[in-house]
Amino acid sequence: MKIAVLSGKGGTGKTLVSVNLAYSAENSSYIDCDVEEPNGFLYFKPKKNKTKKINVKMPFVDQEKCIGCRKCVNFCNFNALAYTGKRLLVFEDICHSCGGCTLVCPVGAISEKDKDIGKIEIGESGNVSVFTGILNIGEASGIPVIKGLMREVEKENKDINIIDCPPGSACIVMESINDADYCILVAEPSIFGAHNLEMVYELVTLFKKPLGVILNKYSEGINPSEIFCNENNINILGKIYYSEEIGNLNSEGNILAAEKEEYKKLFSSLLEKIVKEVE
Ligand code: SF4
Ligand code: SF4
């Protein structure tokens with residue numbers, strides 16, 4: 001079972017929820033798809049046992065063979081090629097590695113080379129297998145890293161797989177929830193928080209995924225995210241009350257469920273609820 005945890009922005013409590021749910025399951029994987037800023041491993045401190053490089057294919061031009069016909073330039077939908085000064089230039093940052101230019105070149109001037117864009121680290125922490133995707137600084141798209149992560153997760157075959165998605169609702173988030181059986185949206189109690197919730201809610205609805213919301217930093221009083229859920233008949237899975245203790249434990253890299261029975265119960269019951277929803 002794959003459970004994706006999303007939020008409209010960073011700092012909402014997405015990783016806190018993901019880490020604690022994975023910890024509370026008996027046989028689980030924690031998958032950090034926030035490849036630009038992965039931090040879930042800081043909580044688990046896993047014993048690293050495998051690192052895999054992630055490569056993509058990039059066009060490589062033999063300028064001697066190129067006859068300047070520009071067929072490749074016209075083909076590329078991403079404007080990643082330009083023919084200027086009798087040379088074909090490749091803008092690797094915007095190339096999507098579709099391989100099309102290699103196919104359309106009439107003289108075979110374009111071949112493909114591997115480009116290293118990041119890596120995957122796999123480690124163990126108690127009953128949890130920890131998968132971390134890391135995108136090299138300056139790389140434009142983390143999608144190949146997430147695809148690579150999911151391939152590795154499949155091999156492990158754990159009962160519960162918790163996917164800690166990147167924040168927001170861009171294509172990298174779509175890739176992270178693609179195979180999810182259920183989506184948890186983590187929301188903060190503010191107007192901005194409700195706006196972010198609406199953003200990810202629309203995305204998950206578009207993908208026709210079953211979903212529920214966890215209201216984080218909850219306190220009595222007006223909660224715009226809760227109002228949004230009620231107005232849209234969205235299932236509220238649970239509330240994590242605002243507490244200084246949670247803030248401190250979390251900021252020091254502690255797993256709440258490992259620290260206190262009360263938190264263990266909270267996340268175990270949340271997980272139970274979610275598993276029932278999926279079944
Ligand atoms: S591989 Fe695709 S995206 Fe990249 S330069 Fe060639 S046609 Fe453009
Ligand atoms: S299609 Fe081939 S020959 Fe034509 S410009 Fe591109 S690389 Fe050069």
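## Surroundings of the two ligands

In this predicted model, ligand 1 is surrounded by 14 residues, of which Cys 76, Ala 80, Cys 95, Cys 98 and Cys 101 are the closest, a residue being near when its C-beta atom, placed from the backbone, lies within 6 Å of the molecule or strand. The shell around ligand 1 comprises 10 nonpolar, 4 polar and no charged residues, where Ala, Val, Leu, Ile, Met, Phe, Trp, Tyr, Cys and Pro count as nonpolar, Asp, Glu, Lys and Arg as charged, and the others, Gly among them, as polar.

Ligand 2 is likewise surrounded by 14 residues, the closest being Cys 66, Cys 69, Cys 72, Cys 105 and Ala 109, and the shell around ligand 2 divides into 11 nonpolar, 1 polar and 2 charged residues.

Residues are numbered from 1 along each chain as its sequence is written, while chains are lettered from A and ligands numbered from 1 in the order in which they are written. Because the model is predicted, local features need pLDDT of at least 70 and side-chain atom pairs count only at pLDDT 80 or more, whereas totals for chains, interfaces and linings use all residues.

## The sheet

An open sheet of mixed pairing is formed by 9 strands in the order S3-S6-S7-S2-S8-S1-S9-S10-S11; helices (H or I, at least four residues) and strands (E, at least two) are DSSP runs numbered from the N terminus, and two strands pair if DSSP finds at least two bridges between them. Strand S3 (47–61) and strand S11 (236–241) are the edge strands, each pairing on one side only.

Strand S1 (residues 2–6) pairs with strand S9 (residues 182–187) in the parallel sense over 4 bridges, and Leu 6 has Leu 185 in S9 as its bridge partner.

Strand S2 (residues 28–32) runs parallel to S7 and is joined to it by 5 bridges, with Ile 31 opposite Phe 131. Strand S6 (residues 110–125) pairs with S7 in the antiparallel sense over 8 bridges, with Lys 119 opposite Ile 134.
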